[in-house]
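Please look over the sequence and the model below before reading the points that follow. They are grouped by topic, from the whole chain down to single side chains.

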Amino acid sequence: MTSILNTVSSILTSRLTSVDRVGALPVELTRRRSVWSTSYTESSGRRFVVRAAETDTDKVKSQVPDKAPAAGGGSSINQLLGIKGAAQETNKWKIRLQLTKPVTWPPLVWGVVCGAAASGNFHWTPEDVAKSILCMMMSGPCLTGYTQTINDWYDRDIDAINEPYRPIPSGAISEQEVITQVWVLLLGGLGIAGVLDVWAGHTTPTLFYLALGGSLLSYIYSAPPLKLKQNGWVGNFALGASYISLPWWAGQALFGTLTPDVVVLTLLYSIAGLGIAIVNDFKSVEGDRAMGLQSLPVAFGTEAAKWICVSAIDVTQLSVAGYLLASGKPYYALALLALIIPQIVFQFKYFLKDPVKYDVKYQASAQPFLVLGIFVTALASSQ
């Protein structure tokens with residue numbers, strides 16, 4: 001454990017040696033010899049330069065604004081949720097919250113609920129409720145917050161192209177403050193996992209191992225040299241597994257026992273998570289292309305990637321419905337099918353029309369039906 005944390009620490013801190021603190025605002029975004037350069041100027045005159053891989057700059061033209069919405073032009077709610085359209089903020093605690101992207105916590109929290117339901121051993125007692133809430137805090141604010149913060153840290157050069165007004169590339173929060181946040185959230189999540197193992201009476205620290213494995217997966221997803229997100233297929237599946245399988249396993253391990261069929265079923269559902277992850281790639285096409293990241297919209301083009309996305313979501317759920325039907329659970333299969341239909345409707349209404357313009361509307365309208373479908377599957381697994 002100590003060696004893993006030391007390795008992570010050395011890699012993170014090695015990125016900090018060139019400068020003590022990121023400057024206040026990005027002041028230059030230029031193209032020289034087909035290389036993107038993002039420069040930050042400090043009051044002392046020193047400059048911190050991040051360069052992307054060489055690319056054809058005639059084909060890479062960022063469509064995003066080069067600064068945050070003007071004061072009063074952004075949304076304070078969006079800032080607290082960590083989504084685009086956020087207002088500029090100087091309060092460090094609000095900026096710290098923004099980095100953790102609270103809008104991404106609900107799927108993890110819901111995954112814990114599904115796992116607890118699938119165990120068949122959850123009861124509405126004060127002790128079980130307290131255990132589940134603590135597990136939700138581990139999965140959501142702590143480990144998801146860690147994942148989002150470390151992802152923003154390693155994406156700071158890409159965000160300097162796509163969204164230069166985000167907290168890290170804009171210098172709204174210092175490098176050392178970001179690193180401190182990463183460690184606090186990581187150690188907090190691992191600590192809670194250890195407490196839950198003791199509370200549940202585990203002879204093997206199952207929850208700690210799940211938390212540690214998920215944290216390591218999050219790290220290699222964002223950080224070089226592996227940086228799984230460079231490959232659209234592997235990276236998005238890893239993201240889908242993190243958001244669906246891991247919290248489900250945590251909730252089920254807390255109250256019961258993981259079984260092979262549940263592991264297979266949740267990994268299958270992670271393919272739908274792959275489709276969800278692709279939704280977020282469309283708004284970053286320009287920066288991903290400039291940095292050489294092979295997200296699916298970059299690799300296949302926007303039109304093909306749209307259909308890959310919806311196919312991964314729909315075919316997965318239809319397959320799970322077929323599995324439930326074959327397992328002698330027709331009512332659960334029909335309930336899942338009823339939840340798939342509105343998702344398809346919203347895909348045509350929003351996402352397939354314009355995945356960038358309507359991404360928020362699509363996710364707000366379609367994804368509730370997806371998470372309800374996961375819960376239906378969890379209930380079926382408990383029978």
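The protein chain in this predicted model holds 16 helices and three strands. Of its 383 residues, 52% count as buried, and a search of the whole structure finds zero disulfides.

**The chain as a whole**

- The accessible surface of the protein chain comes to about 17100 Å², and 63% of that surface belongs to carbon and sulfur atoms.
- When contacts between residues at least 6 apart in sequence are considered, 68% of them join residues that are at least 24 apart.

**Annotated transmembrane regions**

- An unreviewed UniProt entry carries the annotation "transmembrane region" for residues 182–200, 206–221, 233–250, 262–283 and 331–352.
- One of these annotated spans, residues 182–200, is 100% helix and 0% strand in the model, and its end C-alpha atoms lie 27 Å apart.
- Residues 233–250, which the record also lists, are likewise 100% helix and 0% strand, with 25 Å between the end C-alpha atoms.

**Cysteines**

- A disulfide is a covalent bond between the sulfur atoms of two cysteines, and the search of the whole structure finds zero of them.
- C114 has a relative accessible area of 0%, and therefore it counts as buried.
- C142 also counts as buried, because its relative accessibility of 14% is under the 20% cut-off.

**Aromatic rings**

- A pair of aromatic rings is described by the distance of the centres and the angle of the planes.
- The structure holds twelve aromatic pairs, and among them is the pair of W307 and F348, which is edge-to-face, with 6.1 Å from centre to centre and 70° between the planes.
- This pair links distant parts of the chain, since W307 belongs to helix α14 (residues 302–326) and F348 to helix α15 (residues 330–351), and the two are 41 residues apart.

**Charges over rings**

- The charged end of R96 sits over the ring of W93, at 5.6 Å from the centre of that ring.
- The charged end of R156 sits over the ring of W153, and here the distance to the ring centre is 3.8 Å.

Conventions: Residues numbered from 1 in each chain as written. Predicted model: local features only at pLDDT ≥ 70, side-chain atom pairs only at ≥ 80, totals over all residues. Heavy atoms only, no water. UniProt positions renumbered as here; feature names shortened; annotations may be inferred. Helix = DSSP H or I, 4+ residues; strand = E, 2+ residues; numbered from the N terminus. Disulfide = S-S within 2.5 Å. Buried < 20%, exposed > 50% of the residue type's maximum accessible area, 1.4 Å probe, protein only. Phe/Tyr/Trp six-rings, centres within 6.5 Å; stacked < 30°, edge-to-face > 60°. Lys NZ or Arg CZ within 6 Å of the ring centre and 35° of its normal. Contact = heavy atoms within 4.5 Å. Areas by Shrake-Rupley, 256 points an atom, 1.4 Å probe, with all protein chains shown as cover.
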